[in-house]
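User: Could you walk me through reading a protein model, one feature at a time? I would like the general idea and then the case at hand.

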Amino acid sequence: MNEKIFSEAMGELDEKYYAEAVNYKKKRSGTPLKRIAVVAACLCVAVFGFVLGAGSQKPSVNPSNSDVSTDVAQTVKFNGETYFVCGSGEAEILKECGLPQTLDSSLAGKHVSYLRFEESRNEFVFQNEEKGSAGELFEYAKKPNKNVYIIALGEKYYAAIRHDENGYHYFSE
């Protein structure tokens, strides 16, 4: 077919075919049921990923808030030792260490240091001044020793118990 024959053939086409070609819309591939299944599968993957991600992270603590409540042990580094911060969520640890289940100001002895929360390391660190502190570290009033300290975060009190590869240490061993 050459240009002349092609041009003549095009001239004989009905106008309705031109209009149809201009307004042509491609049909969607797949049935509505197939599209719904794909969307549902994507949602399942997203929810599953969210649940896995949320389950693998510790709940975060904002100790600068005076209403701090935690059911997860945070740590304090002091004199080269690691101490776990235990509250009501760690009742079994408190019981194992012979500490009362309810921690209050009566357990706070001599002031040791102010604390701030180091979010990047998920632990409390010491600071010299009260300004900007998240809380305070005290000796354990009933039996001052190097294994148990009391932490005051606002109005709430926690036990800081020394822990290493041998387990928890409490009182003088």
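User: Happy to begin with rings. How many aromatic pairs does a search of the whole structure find?

Analyst: A word on the ground rules comes before that. This is a predicted model, so local features need pLDDT of at least 70 and side-chain atom pairs count only at pLDDT 80 or more, while totals for chains, interfaces and linings use all residues. Residues are numbered from 1 along each chain as its sequence is written, and side-chain values use heavy atoms, with hydrogens and water left out. Now the rings: Phe, Tyr and Trp (its six-membered ring) pair if their centres lie within 6.5 Å, and planes under 30 degrees apart count as stacked, over 60 as edge-to-face and the rest as tilted. The search finds two aromatic pairs. In one of them, Tyr 83 and Tyr 149 have ring centres 5.5 Å apart and planes at 75°, so they are edge-to-face.

User: Which parts does the pair of Tyr 83 and Tyr 149 tie together?

Analyst: Elements come from DSSP runs, numbered from the N terminus: helices (H or I) have at least four residues and strands (E) at least two. Tyr 83 belongs to strand E2 (residues 81-86) and Tyr 149 to strand E6, so this pair ties together parts that are 66 residues apart in sequence. Both Tyr 83 and Tyr 149 are buried; that word means under 20% relative accessible area, with exposed over 50% and partly exposed in between (1.4 Å probe, protein chains only). The rings of Phe 84 and Tyr 168 also pair edge-to-face, because their centres are 6.2 Å apart and their planes are at 65°. Here the link runs from Phe 84 in strand E2 to Tyr 168 in strand E8 (residues 167-168), 84 residues apart. Phe 84 counts as partly exposed because its relative accessible area is 22%.

User: How do I read a nonpolar core, and which residues have the most contacts inside the largest one?

Analyst: As a general idea, nonpolar side chains in soluble globular proteins tend to be buried together. A core is a set of buried Ala, Val, Leu, Ile, Met, Phe, Trp, Tyr and Cys residues joined through side-chain atoms within 4.5 Å. The largest one has 14 residues, and Leu 94, Leu 99, Tyr 140, Ala 159 and Ile 161 have the most contacts inside it. Two or more residues each come from helix H4 (91-96) and strands E5 (135-140), E6 (148-153) and E7 (156-164). E6 gives the most, with three residues. A second, separate core of 13 residues includes Val 85, Leu 137, Leu 153 and Ala 160.

User: What is Ala 159 in contact with, beyond its neighbours within four places in sequence?

Analyst: Contact means heavy atoms within 4.5 Å. On that basis Ala 159 meets several residues, including Phe 84, Cys 86, Leu 94, Leu 99 and Ile 150.

User: Now strand pairing. Is E4 largely enclosed or open, and which strands pair with E4?

Analyst: Two strands pair if DSSP finds at least two bridges between them. E3 and E4 form a hairpin with four residues between them, and Asn 122 in the turn has a positive phi of about 55°. Four of the five residues of E4 (residues 123-127) are buried, so this strand is largely enclosed by the rest of the structure.

User: Last one: with which side chain does the side chain of His 169 make a polar contact?

Analyst: Such a contact is a pair of N or O atoms within 3.5 Å; within protein, one must be able to donate a hydrogen and the other to accept it, and residues adjacent in sequence count only if both atoms are side-chain atoms. The partner of His 169 is the side chain of Asp 164, at 2.9 Å. His 169 sits in the segment after E8 and is buried, with a relative accessible area of 9%.
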